[in-house]
Amino acid sequence: MEKRFVYADNAATTAPLPEVIEEMMPYLKEKWGNPSSIHSKGNEAKKALNAYREKIALLLDCEKDEIYFTSCGTEADNHAIRGAALANASKGKHIITTKVEHPAVLKTCRSLEKEGFEVTYLDVDGDGRVSAQAVEGAIREDTILVSVMYANNEIGTIMPIKEIAGVCRAHGVLCMTDAVQAVGSVPISIRELGVDMLTASGHKIHAPKGIGLLYIKKGKKVGNLIDGGGQERGRRGGTENLPYIAAFAKALEIAVSRLPDMARVEKMRNRLIDELLKIPYSRLNGSRKHRLPGNANISFEFIEGESILLLMDMAGICCSTGSACSSNSLDPSHVLLAIGLPHEVAHGSVRLTLSHENTEEDVDYIIENLKNTVERLRAMSPLYEKYRI
Ligand code: PLP
């Protein structure tokens, strides 16, 4: 098969779309005013900012005054959790989350523990899911916040967020969901979901890196993370990044319009999984049923994910082992350990994440190269050798 370039790491980041880049250009070239200035140049920018906020609110099904722009998903997660914890500390200091959250959530919780908060990290089942009943079982008198991700960035498992939000509502506890991997990949109506806070990030949906958002339901008490000049209705200081907000709104509009095409992405992904599982001693990580349409995460026993990744890269294929954020660490993925994988199997895992940009030919190319790569590495693996004797 002729060598080609295949990008299959869309959970790490996505290629900015030409239409998205085009949308941001006027705000770099002509409409570069500060939305807070009260002259015409400022008004022009403010009008655009309002329009983009309104567009995003419409696409996510919430009020425009409930959207706060941030610099990234990580900032939005920090803001939601730290802001909610500090603003509600007089009611209690107990937070509930799961063991499979992104570090943006887990590390914020860890740092709050050092400040006197108590955090329950819920176990997940073998598919990486937590049930609404498990959340309810962990709620105490002093619980103020539940934070459960919408979809996992490593294994693609989708959580029952609507049910979890219902349980939180019944107990008067704030419900936050990190929807960074889900927004744009699955249909989302915040109103129907019933959460109090939700986070998203532009670069996961073909906008540039450096723009995120936090939804806070009207009337909910959430403190600030970044104080400053009163932007974002006093909730997030810093002059608004209008070019990137324009890009985010356009990217979200395109993502939502392309949701029907996700069935094609899912079909390609299913073929990828089915073919890769024909390789002996392989297993699928994450739920087959409750899964992001583009995600495939597979473990291959007796070999190292890093070696697979390097050989795949040499063949022109970009994929990852675990999450991009932890790929500079040699520890096995906390998510794979949480679903019960032994260390050595977790180490041999590969995440392939497809988007609308991928084709059936890309999938053929991945399958052929990954089959060859696994065979080649196992031929050199002392572990495999030992196992076969
Ligand atoms: N939350 C999840 C689930 C993610 O996958 C990521 C990024 O990988 C983030 C948060 C952080 O988003 P950002 O890269 O915009 O800071």
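Predicted model: local features only at pLDDT ≥ 70, side-chain atom pairs only at ≥ 80, totals over all residues.
**Notebook: helix pairs and cavities**

I began with helix 4, which passes helix 5 in a right-handed crossing. Helix 4 covers residues 73-87 and helix 5 covers residues 103-114; they pack at an angle of about 35°, and their axes are 9 Å apart.

Next I looked up who touches whom. On the helix 4 side I found Thr-74, Asp-77, Asn-78, Ile-81, Arg-82 and Ala-85, and they meet Ala-104, Val-105, Thr-108, Cys-109, Ser-111 and Leu-112 of helix 5. Sorted by class, that contact holds six nonpolar, four polar and two charged residues.

**Helix 3 with helix 9**

Then I went to helix 3 (residues 40-60) and helix 9 (residues 242-257), whose axes come within 9 Å and cross at roughly 30°. Angles under 35 degrees count as roughly parallel, so I put helix 3 and helix 9 down as roughly parallel to each other. I noted this crossing as left-handed.

From helix 3, the contact list has Ala-45, Ala-48, Leu-49, Tyr-52, Lys-55, Ile-56, Leu-59 and Leu-60. They meet Leu-242, Ile-245, Ala-246, Phe-248, Ala-249, Leu-252, Glu-253 and Val-256 in helix 9. How many polar residues does the contact of helix 3 with helix 9 have? I got no polar residues there, with 14 nonpolar and two charged.

**Helix 11 with helix 14**

Helix 11 passes helix 14 in a right-handed crossing.

Which residues of helix 11 meet helix 14? I found Ser-307, Ile-308, Leu-311 and Met-312. Their partners in helix 14 are Ile-366, Asn-369, Leu-370, Thr-373, Arg-376 and Leu-377. By class, I have six nonpolar, three polar and one charged residues in this contact.

**Cavities**

I got two cavities of 30 Å³ or more. The largest cavity has about 270 Å³ of space in it.

The lining of the largest cavity divides into eight nonpolar, eleven polar and two charged residues.

How values were computed: Residues numbered from 1 in each chain as written. Heavy atoms only, no water. Left-handed = near helix turned anticlockwise from the far one by under 90°. Helix = DSSP H or I, 4+ residues; strand = E, 2+ residues; numbered from the N terminus. Contact = heavy atoms within 4.5 Å. Nonpolar A, V, L, I, M, F, W, Y, C, P; charged D, E, K, R; others polar. 1 Å grid on protein atoms, 1.4 Å probe; cavity = no way out; pocket = protein on both sides within 12 Å on 5 of 7 lines; lining within 4 Å. Points joined across faces, edges and corners; volume = space filled by probe spheres on them. Axes fitted to C-alpha atoms, helices over the stretch in contact; angles between N-to-C directions. Parallel < 35°, antiparallel > 145°, perpendicular 65-115°, else oblique.
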